[in-house]
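Let's take a walk through a protein model together, one stretch at a time. Keep the picture turning on your screen as you read.

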Amino acid sequence: MTHATHALSDEITTLRDAAVTALATVESLDKAIAWERAYLGPKGRVTSLLRGLSGLAAEDRPQAGRDTQALRAELAERFEAVRERLAVAARQRHLAEDAIDVTLPGRPVAIGAAHPVSRMIDEVIEIFAHLGFQAVFGPEVETARYNFDLLNIPANHPARDVWDTIIVESERDDVVLRTHTSPMQARTMERIQPPVRVIVPGRSYRYEAQDASHEWMFTQLEGLAVDEHITLADLKGVLQEMARQLFGPRRRVRFRCDFFPFVEPGVDFAVDCAICEGAGCRVCKQSGWLEMGGAGMVHPNVLRVVGYDPARYTGFAFGLGIERIIMMKYGVDDLRAFAGNDLRFLRQFARAVV
Ligand code: PHE
């Protein structure tokens, strides 16, 4: 062995010890790769050692070459083992961290609920279905003909002022947002012959300043029954049944004279207060009665214009506010709450009424 090969074998031993010691301290994949670059990479220490072999004497080169290649192979194998071990550990750590506990309760999903007005519409549809009434629906954009003329309210008649009307801009000057659901009286009677028993739930619009009891948009419930021999007593019986279904079996209905051009006689009707049983309290403002709407016997003119014979047929009609029912039933004191979209208000009904 020459002096040069002696020196080389010492260098290999030193390099091997340094490499093995360094690899033993590696505890991450990043560090392992840095280690590989430092020893085995193109500019690594083993690679430079191999390059240096060309400077050796020809007879020393083969053995030195084999030794250096053996070192390279050993280190590569050690690196592979460490890399594999770290990769397995990293994957296991990852799995452990990402583990899903399938026994944990799920996060609650916020599901929507029907609006209190929609629920009350469903409730009254159900009540009236038992009384033989069918629910029908009509357009919210109406013509003055259905909203007024066919209801015995001629143009230029002062009665039109009762309904502060929102006019719809259009080529014609007679398009309005319906001020009540009564136009469906004429639309229904035009379409079918007696006996008629319908209710019409739907939105109505009035040009009105808003306050706790006035809204420019609200929901009405219209009722219409036309047949032979229908009397005011039938109207009262139907409204009383509705009141009892909505507010309890002891409710009574009160009629007082009122005027609407499309009924004769006309009444307003009230239900005795369910909270104080009519004795007088804050809710009924000490009167014992809660005003609900207007009603009456269908005016002969209204029957005549749709081609019904007023000598043969009579009928009753009524109209009331759906929001008003909810306010009375649940003690809501501001009509603006219904279109206000305050979820805290709406959620109370999601739980109260199922
Ligand atoms: N349409 C009337 C209103 O909104 C209420 C009503 C309906 C009165 C039917 C009598 C008969 O004021």
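**A walk through the model**

Thr181 has a relative accessibility of 0%, so Thr181 counts as buried (buried means under 20% relative accessible area, exposed over 50%, and partly exposed in between, with a 1.4 Å probe and protein chains only). Thr181 sits in the loop between strand E3 (175-177) and H7; helices (H or I, at least four residues) and strands (E, at least two) are DSSP runs, numbered from the N terminus. Setting aside neighbours within four places in sequence, Thr181 is in contact with Val200, Gly202, Ser204, Gln220, Leu221 and Glu222, where contact means heavy atoms within 4.5 Å.

Some background on what you are looking at. This is a predicted model, in which local features need pLDDT of at least 70 and side-chain atom pairs count only at pLDDT 80 or more, while totals for chains, interfaces and linings use all residues. Residues are numbered from 1 along each chain as its sequence is written, and side-chain values use heavy atoms, with hydrogens and water left out.

Now move on to helix H7 (residues 183-191), whose buried residues are Pro183, Met184, Gln185, Ala186, Thr188 and Met189. Their cover includes strand E2 (141-143), helix H6 (144-147), strand E4 (196-205), strand E5 (217-227), helix H9 (300-305) and E9.

Which residues are buried in H8? They are Leu235, Val238, Leu239, Met242, Ala243, Leu246 and Phe247. These residues cover an arc of only 140° around the axis, which puts them on the same side of H8 (the arc is that of the directions from the helix axis to the C-beta atoms). An α-helix has 3.6 residues a turn, so residues three or four places apart point the same way. Among the elements that cover the buried residues of H8 are helix H5 (116-129), strand E6 (253-258) and helix H10 (322-330).

Next, find a pair of helices. The axes of helix H2 (residues 29-40) and helix H4 (residues 61-98) come within 10 Å and cross at roughly 170°; axes are lines fitted to C-alpha atoms, for helices over the stretch in contact, and angles run from 0 to 180 degrees between N-to-C directions. H2 and H4 are therefore roughly antiparallel to each other (over 145 degrees; under 35 is roughly parallel, 65 to 115 roughly perpendicular and the rest oblique). Leu29, Ala32, Ile33, Trp35, Glu36 and Leu40 in H2 meet residues of H4 including Arg72, Leu75 and Phe79.

Leaving out residues up to four places away in sequence, Thr68 touches Ile12, Val46, Leu49, Leu50 and Leu53. Glu74, also in H4, is partly exposed, with a relative accessible area of 24%.

Last come some backbone details. Most residues other than glycine have a negative phi, and most peptide bonds are trans. Where are the cis bonds? One runs from Pro194 to Pro195, with omega near 5°, and another from Glu264 to Pro265, with omega near -5°. Asn152 is not a glycine, yet has a positive phi of about 65°.
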